[in-house]
Amino acid sequence: MKIGVFGDSYAHADQTPIWWRYLADLGHDVTCHGEPGSSIMFSVERLQEHAANYELAIWCATMPGRLSFPTPYGPPWPRTWQHWRVTEPIVSKDSRVQRKQQVYRDYYMELVDVEQDNFVNAAVIHHVMRTWPNVMVIPCF
């Protein structure tokens, strides 16, 4: 079976050991699209790009409060991504990254209602599952 794995560190190939390697050991063709620290919307973008290529897409859905944004801030492509959790310190030496992280922290800490955020994330997950019937979601937090 051709399987795609999506999500944060629970899906990422650099985790040792990683659960989905057992699927590959059983003869499945497994490709990982996960990145540690990534957001729900990062996974949604990856699913939109790749879910149709798999018989089964396994999404390790992460927690709210994460921000993913592409860098550099334009071409050349492909983009690389910065992932950051609102509870982490801001340590980047790039002032543009620092600014995005600070704005996100201020927004999340001052304006976001956690119950509403959880509802929106659940709605996004539900939408993904309805859009791609081959997606199985594993809640990781």
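Q: Is Cys140 buried or exposed?
A: In this predicted model, the relative accessibility of Cys140 is 15%. A residue counts as buried under 20%. Cys140 is therefore buried.

Q: How many disulfides does the structure hold?
A: A disulfide needs two cysteine sulfur atoms within 2.5 Å. For Cys60, the nearest cysteine sulfur is that of Cys140, 4.2 Å away, and Cys60 is in no disulfide. Cys140 is likewise in no disulfide, with the sulfur of Cys60 as its nearest. The number of disulfides in the structure is zero.

Q: Is Cys60 buried or exposed?
A: Cys60 has a relative accessibility of 2%. The limit for burial is under 20%, so Cys60 is buried.

Q: Which residues have the most contacts inside the largest nonpolar core?
A: This core has 14 residues. Another core, of nine residues, lies apart from it and includes Ile3, Trp20, Val30 and Cys140. Inside the largest core, the residues with the most contacts are Leu47, Trp59, Val128 and Val135.

Q: Which residues is Trp59 in contact with, leaving aside its neighbours within four places in sequence?
A: Trp59 belongs to the largest nonpolar core. Contact here means heavy atoms within 4.5 Å. With its neighbours within four places in sequence left aside, Trp59 is in contact with Phe6, Gly7, Ile40, Ser43, Val44, Leu47, Ile125, Val128, Val135, Met136, Val137 and Ile138.

Q: Which elements do the buried residues of helix 2 pack against?
A: Helix 2 runs over 40–50, and its buried residues are Ile40, Phe42, Ser43, Val44, Arg46 and Leu47. An α-helix has 3.6 residues a turn, so residues three or four places apart point the same way. The buried residues of helix 2 pack against strand 1, strand 3, strand 4, strand 5, helix 4 and strand 6.

Q: Which element supplies the largest share of the lining of the largest pocket?
A: At least two lining residues come from each of helix 2, strand 4, helix 3 and helix 4. The largest share is six residues, and it comes from helix 2.

Q: Which residues lie nearest the centre of the largest pocket?
A: About 320 Å³ of space lies in this pocket. Its lining divides into 14 nonpolar, five polar and three charged residues. Of the 22 lining residues, those nearest the centre are Ser39, Met41, Arg66, Tyr104 and Asn121.

Q: Which residues does His83 touch, not counting residues up to four places away in sequence?
A: His83 lies in strand 5 and is buried, with a relative accessible area of 16%. Its C-alpha is 14 Å from that of Tyr10, 73 residues apart in sequence. Not counting residues up to four places away in sequence, His83 touches Glu35, Pro36, Gly37, Ser38, Ser39, Phe42, Leu67 and Ser68.

Q: Is Phe119 buried or exposed?
A: Phe119 has its place in helix 4. The C-alpha atoms of Phe119 and Thr71 are separated by 29 Å. At 62% relative accessibility, Phe119 passes the cut-off of over 50%. Phe119 therefore counts as exposed.

Q: What is the C-alpha to C-alpha separation of Gln102 and Val86 in space?
A: Gln102 is in helix 3 and is partly exposed, with a relative accessible area of 31%. Gln102 and Val86 are 16 residues apart in sequence. In space, their C-alpha to C-alpha separation is 8.9 Å.

Note on methods
Residues are numbered from 1 along each chain as its sequence is written. This is a predicted model: local features need pLDDT of at least 70, side-chain atom pairs count only at pLDDT 80 or more; totals for chains, interfaces and linings use all residues. Side-chain values use heavy atoms; hydrogens and water are left out. On a 1 Å grid over the protein atoms alone, a cavity is a set of points where a 1.4 Å probe fits but cannot get out, and a pocket is an open set with protein on both sides within 12 Å along at least five of seven lines; lining residues have an atom within 4 Å of a point. Grid points are joined across faces, edges and corners, and a volume is the space filled by probe spheres set on the points. Helices (H or I, at least four residues) and strands (E, at least two) are DSSP runs, numbered from the N terminus. Ala, Val, Leu, Ile, Met, Phe, Trp, Tyr, Cys and Pro count as nonpolar, Asp, Glu, Lys and Arg as charged, and the others, Gly among them, as polar. Buried means under 20% relative accessible area, exposed over 50%, partly exposed in between (1.4 Å probe, protein chains only). A nonpolar core is a set of buried Ala, Val, Leu, Ile, Met, Phe, Trp, Tyr and Cys residues joined through side-chain atoms within 4.5 Å.
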